[in-house]
Amino acid sequence: MIRWCAYCQRYQGDVEPLDDYSVTHTICEDCVARGALLKTPPPSIRAIQSFLLSIARSGMEPGLTAAEVVAQGDALGLDPADLLLGVVQPVLRQIGDRWARSEATIAEEHRVSALCSSVIQTMIAREADLAALRTQPPEVLLVVAEGNQHTLGAQVLEVLLLRHHVPTYAVYPALPAHEIVALARRLQPRVVAISAAVPEQIASASIVAEQLAAQPPAVRPLVVVGGRALDGGPSLPSGSPLIACNDAHALLEFATRPRAAP
Ligand code: B12
Ligand SMILES: [Zn+2]
C-alpha cells in the first residue's frame with residue numbers, strides 16, 4: 001500500500017502488502033510534532049487515490065496528458081518528489097504487475113510508461129534552477145546498466161538528486177561498462193549510481209566497480225547499483241567493491257558523504 005501523510009500530503013513510503021496499490025494514510029512525525037492530530041484532516045487521501053487511478057486509466061483510454069498530470073499534482077499541493085515517488089512510481093509498478101499477470105496489454109504498458117516519462121521530463125524542464133546543477137562538475141554520475149532498457153527509475157532519481165541540490169550528470173539509455181568507467185575517470189564524481197532492472201545486469205556494474213577501485217583514493221568513487229535487479233536480495237561476491245542499495249534516499253546520503261581518506 002502507498003502511504004501518505006493525511007495532514008501535510010507528503011509521501012511516506014510503501015507498506016505491506018506491496019502489490020496492493022491503494023493509498024492509505026498515516027500521520028508523519030513532523031505533523032505529530034505540530035499537533036496536527038488535534039485538527040480535522042483534509043480529505044486528501046481519496047483525491048490522491050483517484051489521481052493515481054486517472055493516470056493508470058490513460059493506458060486504455062485517451063486520458064490525461066503530462067501537462068495535466070503536473071497541473072493536478074500542483075492543485076493537490078504535492079511536492080514534485082512526492083508526485084514522482086508516491087504517484088508515478090506506483091502507477092508504473094501496478095501496470096507492470098498487471099502486465100506480468102497478463103491483465104494488461106503491452107500497448108497499455110507502453111502508453112502508461114510514455115506518459116510517466118513525459119511527466120518526469122516536464123518536472124525536470126520546469127525547474128530552471130535544477131538545469132544549472134546538471135552543468136556543474138557532478139557529485140553523482142547516474143547511468144543505466146548495460147543491457148537495461150528501463151530508464152524511468154534513473155530519471156526519477158535524477159529529479160530527486162537535483163531537487164536536493166546534488167550536481168548530477170545523467171545519461172540514458174544504457175551505456176556499456178567501459179564507457180561508464182571512462183566517464184567516471186573524466187568527471188571524477190563522488191558516486192557512480194547504476195540502475196539495473198534484472199539480476200543479469202549486475203555483472204556489468206561489478207566490472208565498473210572493479211575497474212574504478214584502481215583509482216587513487218582521492219578520486220575513487222563509490223559505485224552503487226540499485227533498481228529492481230535487487231528484488232531477490234543483493235547477491236554480490238564477498239569483497240566486491242560494488243555497493244548494492246535500492247534506496248533513493250540512501251543515495252542522497254552517499255552523494256554527500258566525504259570521500260575515503262587517502
Ligand atoms: C516500464 C517497464 C518496462 C519498459 C521500460 C521503459 C523505460 N523507458 O524505462 C520496457 C517495456 C522497455 C520494459 C522491458 C522489459 N521489462 Co520491464 N518493467 C517496466 C515496469 C512496468 C515499470 C518500471 C518503472 O519504471 N518503475 C518506476 C520506477 C520509478 O521505479 P524503479 O525502476 O523501480 O526505480 C526506483 C527504485 O528501484 C530505485 N532505483 C532504480 N535504480 C536505482 C539505482 C540506484 C543506485 C539506487 C540507489 C536506486 C535505484 O529508485 C527508483 C525511484 O524510486 C516494471 C514493473 C514494476 N513492477 O516495476 C517492469 C519490470 C521492471 N520489467 C521486467 C522485465 C522482466 C522486463 C523485460 C525483461 C520483459 C521481457 N521479457 O521482455 C524487458 C526487457 C528488460 C531489459 N533488457 O532491460 C520485470 C523485472 C523483474 C526482475 N527484477 O527480475 C518487472 C519488475 C516487471 C515484472 N513484474 O516482471 N519494462
Ligand atoms: Zn505530515
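Predicted model: local features only at pLDDT ≥ 70, side-chain atom pairs only at ≥ 80, totals over all residues.
**Entry 1: helix α7.** At 1.5 Å a residue, its 12 residues should span 16 Å, and I found the end C-alpha atoms 17 Å apart, which agrees. Next I looked up how covered α7 is: nine of the 12 residues are buried, so I noted the helix down as mostly covered, taking buried to mean under 20% relative accessible area. The buried ones are Leu152, Ala154, Gln155, Val156, Glu158, Val159, Leu160, Leu161 and Leu162. I kept a general point beside that list: an α-helix has 3.6 residues a turn, so residues three or four places apart point the same way.

Entry 2: What follows α7? I found His165 there, with a positive phi near 60 degrees. His165 is not a glycine, which is what made me write the angle down. His165 sits in the loop between α7 and β5. Buried or exposed, I wondered about His165? At 54% relative accessibility, it counts as exposed.

**Entry 3: another positive phi.** I then went to Gln9, also not a glycine, and read a positive phi of about 55 degrees. Gln9 belongs to the loop between β1 and β2. Its relative accessible area is 12%, so Gln9 is buried, whereas His165 is exposed.

**Entry 4: cobalt in ligand 1.** Which protein atom is the donor to the cobalt atom of ligand 1? I found a single one, NE2 of His150, at 2.2 Å. His150 is placed in the loop between β4 (140-144) and α7 (152-163).

**Entry 5: the shell around ligand 1.**

Gln89 has a side-chain N or O atom 2.6 Å from one of them. For Arg93, the distance from a side-chain N or O atom to an oxygen atom of the ligand is 2.9 Å. For Asn246, I read 3.1 Å from a polar side-chain atom to an oxygen atom of ligand 1.

**Entry 6: the zinc ion.** Ligand 2 is a zinc ion, and I looked up its protein donors: the SG atoms of Cys5, Cys8, Cys28 and Cys31, lying 2.3 Å from it. The angles among the four donor atoms run from 105 to 118 degrees, and the site is tetrahedral. Along the chain the donors follow the spacing C-x2-C-x19-C-x2-C. Cys8 is in the loop between β1 (2-5) and β2 (11-14), and Cys28 is in the loop between β3 (23-26) and α1 (29-33), so this pair ties together parts that are 20 residues apart in sequence.

How exposed are these cysteines? I looked up three of them. Cys8 is partly exposed at 27% relative accessible area. Cys28 is buried at 9%, and Cys31 is buried at 1%.

How many disulfides are there? The count comes to zero, taking a disulfide as a pair of cysteine sulfur atoms within 2.5 Å.

**Entry 7: cis peptide bonds.** I noted a cis bond joining Glu16 and Pro17, with omega about -5 degrees. Pro17 lies in the loop between β2 and β3. I noted another cis bond from Tyr172 to Pro173, where omega is near -10 degrees. Pro173 is placed in the loop between β5 (168-171) and α8 (177-187).

**Entry 8: one pair apart in sequence.** Last, I looked up Glu139 and Val166. How many residues apart in sequence are Glu139 and Val166? They are 27 residues apart in sequence, and their C-alpha atoms are 6.4 Å apart in space. Glu139 is in the loop between α6 (128-133) and β4. With a relative accessible area of 25%, Glu139 is partly exposed.

Note on methods: Residues numbered from 1 in each chain as written. Chains lettered and ligands numbered in written order. Heavy atoms only, no water. Donors = N, O, S within 2.8 Å, 3.2 Å for Na, K, Ca; no water. Helix = DSSP H or I, 4+ residues; strand = E, 2+ residues; numbered from the N terminus. Expected span 1.5 Å × (residues − 1). Buried < 20%, exposed > 50% of the residue type's maximum accessible area, 1.4 Å probe, protein only. Tetrahedral: all angles 85-135°; square planar, octahedral: opposite > 155°, others 65-115°. Polar contact = N/O pair within 3.5 Å; in protein donor to acceptor, adjacent residues only side chain to side chain.
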